[in-house]
Structure formats: structure tokens, C-alpha cells
Number of protein chains: 2
Amino acid sequence: MLTKAERTKQFILETAAPIFNQKGISGANIDDVLAAAKLTKGCLYGHFEGKEDLALQVVEHMLNTNGEKMLLTISKGKTAKAKVFAFLDFYKDPLNTYLKGGCPIFNIAVESDDNFPVIKEKIAGVIRQGQELFVSVLTLGIKNGEFSDKLDPVVYAFKAVAAVEGAVVMCRAMNTAKPMAGLIKSLKAELESYVI
Amino acid sequence: MLTKAERTKQFILETAAPIFNQKGISGANIDDVLAAAKLTKGCLYGHFEGKEDLALQVVEHMLNTNGEKMLLTISKGKTAKAKVFAFLDFYKDPLNTYLKGGCPIFNIAVESDDNFPVIKEKIAGVIRQGQELFVSVLTLGIKNGEFSDKLDPVVYAFKAVAAVEGAVVMCRAMNTAKPMAGLIKSLKAELESYVI
DNA sequence: TAAGTAATATACTTTTTAGTATATTTTTGT
DNA sequence: ACAAAAATATACTAAAAAGTATATTACTTA
């Protein structure tokens, strides 16, 4: 069993995650988190060195959760094609993301870009890792004979992720999920065109 | 000729733009802007009501500049295909954007999403307008006989913009422009496949 | 179950940032 | 070139946010 302190820390991270994801690192403040968690400064500063430390750990928490969700999602696809389709479908409801405020990877990527080098590196690692995984799925699909070797895994993996992630931002700004449906369909059709 | 006050105001907006684009609205502060512009509070508050007003006008300034650049870019293409290609090529160097800090539309879209409803609406308008323009170019291309009517303008326009914008964020996070080249090539090839 | 320790709350200080009142300088039109 | 008005600078206050010292409460294990 987790100790009290560990449970409290986890609780703070979970409470802080949507706040940081929505308001951003600069926009979020300690008092927001404390009010939401109904805790006090003494408690929070017992678990985190300060705002910077909290932000970093919140980011790590969000990235871990996201990674787990993503892995679970694509693991449900048995073929390479099914895995990619499952990945794409993961993005179908950009207005109601599992974590309030849209995709944490992109939100953090945009904010950390010129401001938080340590966090930026973490995000870069996550994106690279995601691309590698995506490429490995497609490559295996080619080796399997599932896809034609005309398919360029690196290009398709990047295109698919960039497109759905960009689409999340656009859909949220315009407050409509509609274009996402067309995009996912198009990306599926594109992959389908390489199916043997 | 512009009056002194008008020139100063423009100067403040131009100085503030890269600061807001890089640090975000929440992350940027008045003193940053004043230091960069080598001006003082009395001056700034003579031109703007406060930070909120400054932020809004900086955003409007960035969006206007961006819109002009974009229009100029695509106007250089004579055919529909050339216009789209010019648009795509506009994004080829995501690490060195004309405005420091990446694409202002996406940066602002991400931050304003859950925080600045007025600005969010402005961004939504810009994105919608961009999509309409893109769609109209493609539609004209079909009517011209340049493209097959198998091309779905709404889907391609959304896919292209979402992909290149998403790619800017990913490239900047990973600190490499390489994947962008492959993406642009792929989006061009995709359009090319509809050329009659 | 009581003593010791860990966790949390309270009340404070410090720092940062926004905003304002007033003085001074610079434009501008005659 | 000069007076009026506009623009800008200086020096301040106010508010918001971060961080700290200490008291209190709640675990936990001997």
C-alpha cells in the first residue's frame, strides 16, 4: 500500500494536471492547485520544492499517463493497419479529451519551446519515441506483407501524427470536431492505398 | 505621415510581438516589453489600457502580419497547384520562422483555448478564413480542369494545414527541420495525384 | 496506545508584476 | 520660435503570486 504522503503527492499531481494543461505552466499558479485540491501551502511544499519542481513533475505525470493510454490503445489493434487505425481513432473527439484542455504533448510542446528547456527536451524525447514506435509498426507491416514497400514509414508516421495533433488544435479553436472526422478518414484511406 | 504616437504604438506592437509569441500571453510581462523597447510605463500605458489590451492588440498585429505574408505567398502561384505548393513551401523552415517562436496562430490557439475567449474567437475566425480561402483555390482548380473532381477540397485543405502546423510544433520540439521536408513532399505528391 | 515522527495547516514575508499620479520632455500647429 | 498639447519618464502604490517559519494534527510502529 502507498503511504499517506505518496497518495497525497499523487493526488496533487492528478489535481494539478488539468490545471496546468489548460492554463499552461506560466498561467497556472500554486493557489489554483491548492484550491482545487483543498490543500494548503505547507502540504504542497512538503512534496515539491517549488513551482518549477511541481511543473516538471506534473508534466512527467501527464506524459506518463498519455503514454500508457496510447500504448493500451494501439495494443488493441492486432494487425499493423489496425494499430494505426486505433491510433487515429484515439483523436476522434478533440473537444472532449480524456485530460481537460486538449493534448498535453502539444500544449506543453508549444509553451516549453522557448521557455522551459528541460521540459522541452522531455517532450522531444516523447515525440521521438512515439515516432519510432509508429515507424516500427509500419515497418513490421511491410515485412509482414501487410503493406507494400512503397509505403515510407518515416514519412507516413510523421504526417499522421502532425496532422491529427494539428487538427486537435484547429478543432478546439473552431469549437467543432467535424473536420477531424474527414481527416481521420483521409489518413486511413491513405494507408489503405498501401495495403496489399 | 504617421504621428509620433502612432509610430510609437506600432513600435511597441512590433517589439512585443516576438516576446508574446515566444513567452505566451501569460508568460510575457510588461517589463519585458518595456526593456526590449527601451520605453517606460508612462509611455506604454498612454497607448494601451493595460496588459489585456496590449495582449489583444499584439495578437491582432501578429495575425494581420501573418495574413499579409500568407496572401503574398500564395499570390505568387499562378495556378491552383502552384498556390498550394507556395503555401506548403512557406513552412519549410520551421526552426527559423519570420516571427521568432514559431507560428503565432498555433501558439495563440493553444494558449487561448481555455483562457482567453476573445482571442480564441479571433483565432477561430482566422483559421476558418484560411480554410475557406484554401478550399476556394482548390475548388477553382477543379472547375479549371486542373484537378480531378475526386479531390475533396475541404478535406485536403484541412489536412494540409493541420499537418504543416502540427509539423512546425514537432520540428521545433525536436529541434530539426528534416521531417518537414518529407511531409511537404508527401502533401505535394498527394495533391499531384489529383492533377489531370 | 502512547511517543515519536511525518504530514498538513496557519499565518506570515518576500518577490514579482501590474498599474497610477505626477513631473518632464518633446511634438506640433500657428 | 513659441505656446499649447501630446508624449514620455520617474517614482511611486497596489495586487498577485511565490515561498517560509512555525504550530498543529494525523500516522505509524514499538
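The legends below describe close-up views of a predicted model.

**View 1. Chain A is built from helices, with zero strands.** Nine helices occur in chain A, and its pattern along the sequence reads α-α-α-α-α-α-α-α-α. Taken along the principal axes, the C-alpha atoms of chain A fill a box of roughly 60 × 40 × 30 Å. Of the 196 residues in chain A, 39% are buried. Contacts between residues at least 6 apart in the sequence of chain A join residues at least 24 apart in 65% of cases.

**View 2. Residues of chains A and B around DNA strand C.** Two or more residues each are given by α1 (4–27) and α3 (41–47) of chain A and by α2 (30–37) and α3 (41–47) of chain B. The most, four residues, come from α3(A). By class, this surface near DNA strand C has nine polar, six charged and five nonpolar residues.

**View 3. Packing of helix α1 against helix α4 in chain B.** Helix α1 (residues 4–27) and helix α4 (residues 51–75) of chain B have axes 9 Å apart and pack at an angle of about 100°. Angles of 65 to 115 degrees count as roughly perpendicular, so α1(B) and α4(B) are roughly perpendicular to each other.

**View 4. Residues at the contact of α1(B) with α4(B).** From α1(B) come B:Leu13, B:Ala16, B:Ala17, B:Phe20, B:Asn21 and B:Ile25. They meet B:Leu54, B:Ala55, B:Gln57, B:Val58, B:His61 and B:Met62 of α4(B). The contact of α1(B) with α4(B) has nine nonpolar and three polar residues, and no charged ones.

Definitions and conventions:
Residues are numbered from 1 along each chain as its sequence is written. Chains are lettered from A and ligands numbered from 1 in the order in which they are written. This is a predicted model: local features need pLDDT of at least 70, side-chain atom pairs count only at pLDDT 80 or more; totals for chains, interfaces and linings use all residues. A residue is buried if 20 or more other C-beta atoms lie within 10 Å of its own, exposed if 12 or fewer, and partly exposed in between; C-beta atoms are placed from the backbone. Two residues are in contact if their C-beta atoms, placed from the backbone, lie within 7 Å. A residue is near a molecule or strand if its C-beta atom, placed from the backbone, lies within 6 Å of it. Ala, Val, Leu, Ile, Met, Phe, Trp, Tyr, Cys and Pro count as nonpolar, Asp, Glu, Lys and Arg as charged, and the others, Gly among them, as polar. Axes are lines fitted to C-alpha atoms, for helices over the stretch in contact, and angles run from 0 to 180 degrees between N-to-C directions. Angles under 35 degrees count as roughly parallel, over 145 as roughly antiparallel, 65 to 115 as roughly perpendicular and the rest as oblique.
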